[in-house]
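Please find below a short note for a colleague who is new to this entry.

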Amino acid sequence: MFGLTSELVAQVPSTLNYQGRVAVNGVNFTGTGQFKFALVNAAGSQSYWSNDGSSSGGGQPTTAVSISVSSGLYSVQLGDTSLTHMTAVPATVFANGDVRLRVWFNDGTNGFQQMTPDQKIAAVGYAMMAATVPDGSITAAKLAPGVGGGGGGGSIADGSITAAKLASGAAAGNLAAGNLSAVASGGIIGSTDANNAALLAQGFVRDPAVIQSEGTWIPIPSGDTVAGHTAVWTGNELLIWGGVTPTTSAGMASYAAINRGVRYNPSTGAWAPISLAGAPQARFGHSAVWTGTEMIIWGGQTTNTTSAPATVLATGGKYNPTTNTWSSMSSNIDSSGPPPGIPDARTGHLAFWTGTEMLIWGGSSSSQSFGSSTGGGAVPLPGKRYNLGSNTWSSMAATNMELSAPISYSGVWTGSEMIIFAGNMGTAEPPRAGRYSPTVDAWQALPALPGNPAIESGFSTVWSGTEMIVWGGVSGAGTSYLNTGFKFNPAGASGLGTWTATTTTNTPTGRSGQYAVWSGTEMIVWGGSAFVPVPTPSFVQYNDGGRYNPATNAWQALSTADVPPARTAATVTMAGSKMIIWAGIQKDPGLPDASVAKYLKHGSEYQPSSNTWSPLMNGSPAPRFGHTAVWTGTDLIVWGGTVTTTGATGYDPTFGDGARFNAATGAWTPLPSLNAPTGRFNHTAVWTGTEMIVWGGQQFDTSGGPGMAVTLNSGARYNPLTDTWTTTSLAFPPSARTKHTAVWAGSPVNRMIVWGGTSDGVGMAVNTGGRYDPATNSWGTATSTTNAPTATFGHVSRWTGSEMIVFGGGLMNGYRYYPITNSWLSMAETPMALSAPPYMPPAAVWTGADLLAFVASNSAPGFGSYSPVSDLWQSPSTSGAPTGNHPSSYPTAVWTGTEMILWGVARDNPATFSTTLQGGRYSSVTDTWVALESTGAPSASYGASVWTGSEMLLWGGSPGDGAAGVTLSDKGHRYRLPQAYYLYRRP
């Protein structure tokens, strides 16, 4: 049961002070609570505002605000944008006659509950609409009779405030403040507490009836894995919008365009979603500019499907971050043409903001493969000008270099002119450049570069405030990668402009497609790619760079400590004093489109003043399988994994990153990269009580060309309290392996025990193991091979408190390992129904007394219970257990203390060519199964699950084994058990 009282005090112009009280099960709550807020109409059917801008129709917002609550009391400034997931309250909200505040609360255990009733905002909120009332305009004559005592004494007259004049809920709130109840005789209150002392003390009597709710599925916040998006800096926020996300549901494409985005404030570290209401159509290849008050999105293209081709767009939209609202803009059509009256749709174009107009230049009128910057079908149309004030389009003066098909181009806005630098792709012709003045609507050709170098494509340009700097690129028909550059001063040579070559001393390696920004004093270059002929011809993506100071004509290398992974289709933006790299794709530049690609959902901030990098994350880690997850008592920690089990030239599909999910706040935090283990998958991770230990697994070595799988015998320990990694000892570890198991053997052993697996990642199984002591960072005596199980993989290991049980992997019977005596004991023979091959590992839990093991199959499931005390297997009931028929059905299971929760049993439906997932709860006390609820359930199986003590957390994985064409998941779910509600009646 939740109780709520509140007080609202308005401030001008965009915040409301909200003070409230919240109780859980009749007891005032203390701790950090999760709150969601929305301003709605009287019927609750229309949302005027919400804390993250995502509420519609009075519905619950997506993200929550963390607020400290003490003895039930809390206070928050609604609309305070310095708070994470809080947007400003626009004054226009109170143009509506009846505005009410709706609140949702989550104590971290019971999930989000809507508070009732909605609080009506009377005069307080409308002060925002009356901010300009002249001083002295409200006189005594305008006050209601009796206010001020009727005699001008300044006091409220006795009896002038009657019950009818009290705000709704005021009396109940006053009672609740005194821990009293306003429930009338015969009234009923529900509580999850079977013996609620507070209610009983108030005279309530517990009703014998009990209401049982269903189990609930709740999504874990994830954020977008995105590439091909845009990013603009507003002066205090980075606005990220559009692009594509990977999918297998977009027909022939492996990606789909999106029309959503996020806002990031580097000073507070806060992320917030951009409103979807009125947002432009989903797209990529579009442009974005910042006007000073709005972000203008324009052009781009949709993604193609099997039923319809991609469409190049001539539309856009304007986004105001202050109000978190979108407004429309006219299509790119002007009467001057050519051709007159026909929409000028473009993708892959350039866009600049002049102060009053948006200038559009270049691009293509035909759809492009994702990742292409130009594409076929370039159109001989002039550039366009969009006037924000009049919401109209007009054409620029034409130039003979405009949109020539073989041209690759980049450009800058100087404050008065647009300068375009264009290379001739695949030819030996010198580059061309021109400057356009919107004031006189005229072009002027730039003088030739010194030496007429054959710069073709892949160059970058920045504006320093006085000069355009051009650097890098490719020449020689794509055979020569440049580390040279030039500066163009438009004021030189009496206004004709002059070129000067930049130094090549200490420059980054020659490259193409690099990102470049201007920091205020330097050009910062990062990333890019090049074809490297030795030792094996291959494309290489770079994640290094340099800083060029035009005043001193000198280069300085960027730090490589904590540098983010190389990527394409990302955004790199100068945001105040930091350069922010966001999302994109890690892929082989030599492969077409996104056929082999690891989409990213993280980035990094680079601080030039200290030459340091720091990781950046919005939501969960990128999609993967073969990762690990541990539960710390407060956080789910996800680490490592992969997106494919095959290597590709120049492309590393393994992850060497991870993140922590705090179950109370719902926030993800990236793990540090300093001293982290190398990227890997099919490794193991254990939680010691203070640290996570990662060990073994596989990674891909791409240094010699195609990725070759390498099996590892290294690892590291992560301490969440200090947020640091420590490498595990490399002295005398077990042999390198993957698909092995590891358990943490607690006191008095206090060791990680590693056993089994394969030495080559394929089929060379081993029956050896090791014991690691984190206190001394050393490997002790190897696990004995006397009476040990035969070499195997695909098995499971569980720690009972005194021994490790090894089971499955095709073993005819299980084994028990005793670390204190370093000895093995064979278990009773395994029931035939559980003798699954190594490629179908069982789902298993330790109950505290027995091992429960479940194997999905094409017929009846295999299910067994093993007791170490009696060394006997029993066959519990499978009536009502989920039954799968999918060949790659790998369920996961957790033990709650009273039940086993199983999820991920896959079942194919040949009629619809679809696969559904099932789960169930098994009670060993009653020997019965209950199906898990399907409403809100995840649509993909998960690679990792943990039990927190109150809920099951699942994250990542795939429906199958990560083969080509299988969608990986970057999402997670929380499953909460059915809840009993006890009824208390007031006599």
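Are Glu-522 and Arg-547 buried or exposed?

1. Both residues, Glu-522 and Arg-547, are buried in this predicted model. They form a salt bridge in which the closest N and O atoms are 2.9 Å apart. Glu-522 belongs to the loop between strand E38 (515-518) and strand E39 (523-526), whereas Arg-547 is part of strand E42 (residues 545-549), so the bridge ties together parts that are 25 residues apart in sequence.

2. The confidence of the prediction should be kept in mind. The chain has a mean pLDDT of 84, with 83% of its residues at 70 or more. Residues 1-13, however, have pLDDT below 50, although the model gives this stretch 57 contacts beyond near neighbours in sequence. Residues 959-966 also stay under 50, and there the model has 15 contacts beyond four places in sequence. Where pLDDT is low, predicted coordinates should not be read in detail.

3. The count of salt bridges comes to 21. One of them joins Arg-385 to Glu-357, with 2.9 Å between the closest N and O atoms. This pair links distant parts of the chain, since Arg-385 is in strand E26 (residues 384-387) and Glu-357 in strand E25 (residues 357-361), 28 residues apart. Arg-385 and Glu-357 are both buried.

4. Arg-624 and Asp-657 also meet through their side chains in a salt bridge, at 2.9 Å from N to O. Arg-624 lies in the loop between strand E47 (612-617) and strand E48 (628-631), and Asp-657 in the loop between strand E49 (635-639) and strand E50 (658-662); the pair therefore ties together parts 33 residues apart in sequence.

5. Aromatic pairs number 43. In the pair of Tyr-866 and Trp-873, the ring centres are 5.3 Å apart and the planes stand at 45 degrees, so the arrangement is tilted. Tyr-866 and Trp-873 are both buried. One aromatic cluster is formed by Tyr-18, Phe-29, Phe-35, Phe-37, Tyr-74 and Phe-105.

6. Charged side chains also sit over rings. The charged end of Lys-36 is over the ring of Phe-112, 4.2 Å from its centre. Arg-511 lies over the face of Tyr-542, at 4.3 Å from the ring centre.

Note on methods. Residues numbered from 1 in each chain as written. Predicted model: local features only at pLDDT ≥ 70, side-chain atom pairs only at ≥ 80, totals over all residues. Heavy atoms only, no water. pLDDT = per-residue confidence, 0-100. Contact = heavy atoms within 4.5 Å. Phe/Tyr/Trp six-rings, centres within 6.5 Å; stacked < 30°, edge-to-face > 60°. Buried < 20%, exposed > 50% of the residue type's maximum accessible area, 1.4 Å probe, protein only. Lys NZ or Arg CZ within 6 Å of the ring centre and 35° of its normal. Salt bridge = Lys/Arg side-chain N within 4 Å of Asp/Glu carboxyl O. Helix = DSSP H or I, 4+ residues; strand = E, 2+ residues; numbered from the N terminus.
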